[in-house]
Amino acid sequence: MNGAGAAKSFVADDVAAVATFLRERPGQVRVRSGGSRQGRLPTATDATVLDLSRLSTIVRLDAADQTCTVECGVPRAALDDALRAHGLELPCPGGGTVGGLFASDPIGASTFGGPSPRSLLLGMDAVLADGTPFKSGARVVKSVAGFDVHKLLVGSEGRLFVATRLHLRCKPLPRHVQWFCRTGLEPAAAIACVRGLQQEPVPPAAVQVLRLGDGSCTVQGRIAGRLAYVAHVLRSHDLPPGEPSWCDHVQAPAVGEVVVGAAVLGALPGLWRATPTGTPFLWHGGGRFEVAANAPAASDALLVACRDAGVHALVVHGDAARRGRSTPLDDGHHRIQAGLRQALDPHGILV
Amino acid sequence: MLRRQMPALESALVRLLGDRRVLTSPDALLAWECDGFTVHKSRPRAVVLPESTAEVQAVVRMLGAAQVPFVPRGAGTCLSGGPTAGGNAVVIDLSRMRRVLQIETADLFAVVEPGVVNADLTAAVKHLGLHYAPDPSSQTVCTIGGNFAENSGGPHCFKYGMTQDHVLGALVVLPDGSLARLGSPAGSRLPGSPDLTALFCGSEGTFGIATEITVRLCRDQESVRTLLGSFATMTAACRTVSDVVAAGLVPAALEILDQATIRAVEASVYRAGYPADAAAVLLVELDGPVAVLAEEAAEVRAAFARNGALRVEEATDPAERKRLWKGRKGAFGAMGRLNTDLYVLDGVVPRTRLEEALAGIAAIGSKHGVLLTNVFHAGDGNLHPNISYDGRDAEATARTIAAGTEILRLCVDLGGSISGEHGIGTEKLDHVRLMYDDADLAVMAKVRAVWNPDDRCNPGKALPSRSACAESAKWPAMTARILRDEGSA
């Protein structure tokens, strides 16, 4: 599924083909790697899909330096396998392809729950919408030479340029990892549970809160470290070990909408009050939340609550006419964002 | 024309801020003629000292109307000439904006003004069991605003990351005087919104002026263990670092000082009791839960032993820890004993190529007959080769510049970067082309033009080939000539 509703597609076999394709002025282009998040993008029925799924080579894995270079279509699971063989990991949650993970930034870069994609992206090779290749950043773990244009990939959904290769920082596999899953919590108890985990000097490597349709909450995540420490955290916070049941996104309802936003934990009670019981609500420790609203009215009520709480939120799934409805954007931020689109893709090719 | 405008502009600035917050006399401007990169000096046209976002906006608008460039500045501890202004530019000094506006202990963030001193933020939250993690060596003086502009690092960023990893959002005065709010305390943004906060961080004051910065706060660790190993060879010290990292340990800091640095430190007021006969000392700091650290410290000791450490010390109390760090933190100050001037380089190589890089740096030093010392963040491969020289001697200065340029070229050839944490400023304007080609630089220039379309905000910094004023261009012109000569050799 390409999600854009587009009839045409171009499958790039290598990095050079991406530049060649874009230089031929193909009209509007929708970038796709694995396609798992395409349903959350604005519709683009006239666009040609630029399929990067065959750019799936791990170009370089330098285990001793704990860095690697991968093409954007590399599935996250394949990278995990390759890293694991060298005692390494990419220490942020999130599935799909590596390119899709960084372009969508499903977890966020907040105060809690392990490194974010922003921190792990060291550099990239990319192609402008007019087919001009360029690079940004470096392959080493520290570099402040030049502007960090590569950081613009994080969250851009492929609408500023087409990233083809990413230079990433990896970390050693923890000595011990334990997923946990605490279910059936009242909302206040779920907040208290996460607040307790926040007090730990070494917070969970990943954490999320899922308010289910019946109003109960699940707190789940991953504790990593030495066995004694992991056991101590599980014991002191009464966290039952559980199978990994991590979800990047709420399931989009057959009828209704998905609202996505960014909020600190402290904002959740207010947002929960604004969403009807029965509305699935997912919050990542990185700050991103997603709500599967069963009707436009529910989305609108949530957007009002978000606005009042100073929280950003946006309708990403639902009727085409309502996608993109959001809390008010800061004028200056909007102006810079629009200016970057105009500067990097003046003809609006990437949609 | 600009000179003719000066009295009117000065009068207007004085009406806005009062005469004590607008400095124009040559003597008063002396303190702003350079940053920590003392090779490049240039007295600004004026210095203004705003105390609020509204005042910064008003100043920027006033300067815009007069088409006068401006340079934001914090404490001036930058080491690459980033906040050094050309003679027609006005410095907007933010050191009076030093309020901690908000501390959120539950959601672990703080909102601060740009002039808050890095260490003061940690001091403000220490009683809550929290700290601000990025810790540049100048942390007792440097400001959060300057750290944000430069994406500063520090000894502990091997584990905790750079400033960029700790900044969640900012309120920014754009070069036209309007405001933009980037990011949020939640860090995350709306889907489809690129990460402008991360982009702004490290833009060296060329995108605008951050007047409120939202940063992450970290919980204090339960325990800290600091170990110092001394080695007969630099190779053994570097291999110990590799062993520690290969074991899967993530120490908070992994710092190496070479013999010349050790001797300078031991002869100075920063004396820390380092063994003066060692070729290198390696400082390893571990932090975390007590039970975990016992195991990790044993593994570090084993790595020391495998690589033939001459001596291993471990701090047993905070005073001992302070002593072990004293030499490292005072290393740059100690070099004041070696000559009148110090050129601090900031190259990065892949950690596995440290030995190769250090051998190459030594050879370059010999070739140019310069006095080189090395202090570096070994875990990150971030080298700080330091050249002590007499800046009054033009020939010695030229040799220093030539050696520095070769060292940065070596770092790039080994797969690294020309700067790990000090930035480009004016110092490395022409070295940027060692890493990036015209297409790469054109994209960066396009991005800058979105924020700073008429290049009045810190002109002539970070990217080559822009409209640097004559004073700013002096240093890059010297490096450009050396690069040209090398190319034609």
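## Basis of the model

In this predicted model, local features need pLDDT of at least 70 and side-chain atom pairs count only at pLDDT 80 or more, while totals for chains, interfaces and linings use all residues. Residues are numbered from 1 along each chain as its sequence is written, chains are lettered from A and ligands numbered from 1 in the order in which they are written, and side-chain values use heavy atoms, with hydrogens and water left out.

## The contact between the chains

Chain B contributes 91 residues to the contact and chain A contributes 75 residues; contact means heavy atoms within 4.5 Å. Between them the two chains bury about 6,800 Å², and 58% of this is on carbon and sulfur atoms. Buried area here is the accessible area (1.4 Å probe) that two parts lose on being put together, summed over both. Of the area that chain B buries against chain A, 10% is supplied by B:Asp107, B:Leu190 and B:Pro191, more than by any other three residues.

## The open sheet of chain A

Chain A has an open, antiparallel sheet of seven strands in the order β11-β13-β12-β15-β16-β14-β17. Helices (H or I, at least four residues) and strands (E, at least two) are DSSP runs, numbered from the N terminus, and two strands pair if DSSP finds at least two bridges between them. At the edges stand β11 (176-185) and β17 (312-317) of chain A; each has a single partner strand, so one side of each has no neighbour in the sheet. On average, neighbouring strands of this sheet are turned by 15° against each other, direction ignored. Angles run from 0 to 180 degrees between N-to-C directions, with axes fitted as lines to C-alpha atoms, for helices over the stretch in contact.

Helix α6 (residues 227-236) of chain A packs on this sheet and touches β11 and β13 (217-225) of chain A, its direction making about 160° with that of β13(A). Within the sheet, three bridges pair β15 (residues 281-284) with β16 (residues 288-293) of chain A in the antiparallel sense. A:Phe281 has A:Val291 in β16(A) as its bridge partner.

## The open sheet of chain B

Chain B also has an open sheet of seven strands, in the order β15-β12-β14-β13-β17-β18-β16, with antiparallel pairing. Its edge strands, β15 (311-314) and β16 of chain B, each pair on one side only. Here neighbouring strands are turned by 20° against each other on average, direction ignored. Helix α8(B) packs on the sheet, touching β12 (223-231), β13 (253-258), β14 (280-288) and β17 (371-377) of chain B, and its direction makes about 175° with that of β13(B). Helix α10 (residues 290-306) of chain B lies across β12, β14 and β15 of chain B and runs at about 5° to β12(B).

## Strand β8 of chain B

Strand β8 (residues 167-173) of chain B is largely enclosed by the rest of the structure, because seven of its seven residues are buried. Buried means under 20% relative accessible area, exposed over 50%, and partly exposed in between (1.4 Å probe, protein chains only). β8(B) pairs in the antiparallel sense with β10(B) over six bridges and with β9 (residues 179-183) of chain B over five bridges. The hairpin of β8(B) and β9(B) has five residues between the strands, and B:Gly177 there takes a positive phi near 90°.

## Nonpolar cores

A nonpolar core is a set of buried Ala, Val, Leu, Ile, Met, Phe, Trp, Tyr and Cys residues joined through side-chain atoms within 4.5 Å. The largest one has 122 residues, of which A:Phe102, A:Phe161, A:Leu166 and B:Trp451 touch the most other members. Helix α8 (residues 234-246) of chain B gives the largest share of this core, seven residues. Another core, of 42 residues, lies apart from it and includes A:Ala262, A:Leu268, A:Val291 and B:Leu168.

## Two buried residues

B:Arg351 sits in the loop between β16 (341-344) and α13 (354-368) of chain B and counts as buried at 6% relative accessibility. Its side chain reaches the backbone oxygen of A:Ala64 at 2.8 Å and that of B:Gly379 at 2.7 Å. Such a polar contact is a pair of N or O atoms within 3.5 Å; within protein, one must be able to donate a hydrogen and the other to accept it, and residues adjacent in sequence count only if both atoms are side-chain atoms.

B:Ser203 lies in the loop between α7 (196-200) and β10 (209-216) of chain B and is buried, at 0% relative accessibility. A polar atom of the B:Ser203 side chain is 2.6 Å from the backbone oxygen of B:Phe200. Apart from neighbours within four places in sequence, B:Ser203 is in contact with A:Phe147 and B:Ala149.
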